Amino acid sequence: MRSRRDLLKSAVLGGGASVVAATALGSLGPEAAFATTAPAIEPGTPDPNFAEGRIRSIKENTLLVLGSNMVFHTIRVVDGTSLWKLGPVGFDQAKPGDGLYARGVRMPDGMLAAEAVWLNIVNIKGHIKNITSQTIHLDHNGHDVLCHVVAGKSVAIHSESPATSDLSMLKVSQHVQILGAWRPDTNEVDIATVFSPH
Amino acid sequence: MHGIAASQPYVIAVFLTWAGLMKLLSRRMRAQAGQTALARLTGAARAVPVLRLVGLVELAVAAALLLPPVHPLDGVAAALLAAGFLAYLTYAYVAAPTSSCGCLGTHSRPVDLRAFARAGVLLAAGLVSIGAGPHPSLAPLVLLEVVILLGLSAELDRYWLTPSRRLLVRLRRPLAAPPPRDVPLETTLHLLRRSPAYCSASARLTSDVRETWDEDGVRFVVYGADERSAVFAVPLSGDDPAAIRVALVNEAALA
């Protein structure tokens with residue numbers, strides 16, 4: 001692990017021995033940004049490389065997921081897959097009952113080889129009804145959502161300023177957008193980021 | 001007992017007058033009539049005339065309650081109106097759960113427990129007032145009931161509930177927390193996403209954050225980029241996105 005990280009470090013910082021097949025730059029230049037072409041998907045058809053739903057069962061590295069349209073997906077998670085649950089997590093954090101969005105490559109047998117999996121991720125807008133000890137009571141279209149501040153993880157972004165872990169600027173009755181992780185089968189959310197317009 | 005019954009017409013009259021005047025005079029309320037549950041019940045085109053009609057009936061009943069002679073029919077009319085109000089709330093709750101009720105003013109809050117409690121109290125007051133005779137009313141009781149009903153009115157929250165919650169938050173500072181020892185990852189990612197390095201590499205990224213670690217005041221963030229990895233080096237101090245560097249590394253070739 002150490003040596004791998006050292007290699008990645010020297011690749012990006014340019015120090016140490018020369019690294020094969022690495023492009024270490026401040027940025028890659030505009031041609032790189034447009035290098036990949038848009039995927040060819042017919043308008044109106046579902047994206048085959050995407051899946052959403054809730055985990056029914058987990059077997060070794062495979063997730064069996066029931067989509068909200070009652071379609072089953074089998075999703076394989078490998079070493080290179082990124083998993084998100086209020087931040088990057090290991091595969092052991094995926095639990096039956098978790099909701100997920102997954103993106104990857106659809107295999108010929110119908111299995112989705114996941115490149116990225118986001119567990120329980122939610123993005124909700126609403127206004128702050130009340131603020132109590134480390135929680136924000138959000139009114140989202142008349143539904144109460146209890147949003148928990150997680151120490152060391154939750155941040156607030158006020159307008160264009162840098163993300164700060166100080167959330168005490170938030171005010172009752174103001175409008176916010178909250179990106180976070182849903183606690184399955186509750187109306188509660190752990191906050192990743194609060195976006196505030198001012 | 002007689003005093004309690006005799007007090008109710010005043011309580012009901014206060015609320016019916018408020019409701020009636022709002023329906024007849026508030027331009028905003030008419031403008032928003034299309035978004036209330038009433039529009040769902042009567043059709044959007046008839047929502048405003050029905051709103052006006054209900055307002056007139058409410059004012060008429062309020063006048064009958066306040067003006068002598070005291071007649072049991074006054075209470076019956078008030079109770080019927082409150083019962084209709086309760087039935088309408090139930091309809092709104094079932095048929096148009098996201099619409100506001102549009103009863104006593106403009107707000108976008110859907111029907112909730114407080115709205116039912118208010119309608120229930122008004123219905124109870126109406127029923128009690130049927131038996132009202134020519135007795136003096138109890139002013140403190142009228143005041144108490146009005147305050148309770150006002151407290152149940154979501155229309156008025158912004159005048160007392162929101163300011164008092166704001167004051168409490170300012171005094172208690174419930175979200176104040178000691179600054180964390182480490183920079184939260186989201187702070188790093190927010191800076192990263194605005195950096196030229198990330199913008200130039202983003203089209204090649206195929207995964208979200210796979211791995212991250214801190215070393216020598218630099219946070220390393222690894223993304224997948226097809227068979228390769230995109231490694232970003234983000235200085236933990238400072239907020240200049242131009243200081244962020246990126247490398248695309250073929251880890252298989254390194255091994």
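Leaving aside its neighbours within four places in sequence, with which residues is Ser168(A) in contact? In this predicted model, where local features need pLDDT of at least 70, side-chain atom pairs count only at pLDDT 80 or more, and totals for chains, interfaces and linings use all residues, Ser168(A) is in contact with Arg173(B), Leu175(B) and Ala176(B), two residues being in contact if their C-beta atoms, placed from the backbone, lie within 7 Å. Residues are numbered from 1 along each chain as its sequence is written, while chains are lettered from A and ligands numbered from 1 in the order in which they are written.

Ser168(A) is found in the loop between strands E11 and E12 (175-182) of chain A, where helices (H or I, at least four residues) and strands (E, at least two) are DSSP runs numbered from the N terminus. With 15 other C-beta atoms within 10 Å, Ser168(A) is partly exposed; a residue is taken as buried if 20 or more other C-beta atoms, placed from the backbone, lie within 10 Å of its own, as exposed if 12 or fewer do, and as partly exposed in between. Arg173(B) has a positive phi of about 45 degrees although it is not a glycine. Most residues other than glycine have a negative phi. A positive phi, near 65 degrees, also occurs at Leu86(A), again a residue other than glycine; Leu86(A) is placed in the loop between strands E5 (82-84) and E6 (99-106) of chain A and counts as buried, with 21 C-beta neighbours inside 10 Å.

Chain A contains two helices and 13 strands, and 28% of its 198 residues are buried. Among the contacts in chain A with a separation of 6 or more, 48% are accounted for by residues 24 or more positions apart. Between the chains, 57 residues of chain A are in contact with 53 residues of chain B. Elements that each supply at least two residues of the side of chain A that touches chain B include helix H1 (2-13), strand E7 (112-119), strand E8 (121-132) and strand E13 (188-196) of chain A, and H1(A) gives the most to this side, with seven residues.

A further contact between the chains involves Arg109(B), which, leaving aside its neighbours within four places in sequence, is in contact with Gly142(A), Ser100(B) and Ala154(B). Arg109(B) belongs to the loop between H5 and helix H6 (113-130) of chain B and counts as partly exposed, with 16 C-beta neighbours inside 10 Å. Arg109(B) and Thr42(B) are 67 residues apart in sequence and 20 Å apart in space, C-alpha to C-alpha.

Within chain B, helix H4 (residues 47-66) comprises 20 residues and reaches 29 Å from its first C-alpha to its last, close to the 28 Å expected at 1.5 Å a residue, the expected span being 1.5 Å times one less than the number of residues. Its buried residues are Ala47(B), Leu51(B), Val54(B), Gly55(B), Glu58(B), Val61(B), Ala62(B) and Leu65(B). These residues lie on the same side of H4(B), because they cover an arc of only 130 degrees around the axis, as given by the directions from the helix axis to the C-beta atoms. The face turned away from this buried side carries the exposed residues Pro49(B) and Leu53(B). The buried residues of H4(B) pack against helices H1 (2-25), H2 (27-31), H3 (37-42) and H5 (72-95) of chain B.

H1(B) and H4(B) pack at an angle of about 150 degrees, with their axes 8 Å apart, where axes are lines fitted to C-alpha atoms, for helices over the stretch in contact, and angles run from 0 to 180 degrees between N-to-C directions. The two helices H1(B) and H4(B) are therefore roughly antiparallel, a term for angles over 145 degrees, with those under 35 counted as roughly parallel, 65 to 115 as roughly perpendicular and the rest as oblique. The axes of H4(B) and H5(B) come within 9 Å and cross at roughly 145 degrees. This contact is made by Glu58(B), Val61(B), Ala64(B) and Leu65(B) of H4(B) and by Asp74(B), Ala77(B), Ala78(B) and Leu81(B) of H5(B).
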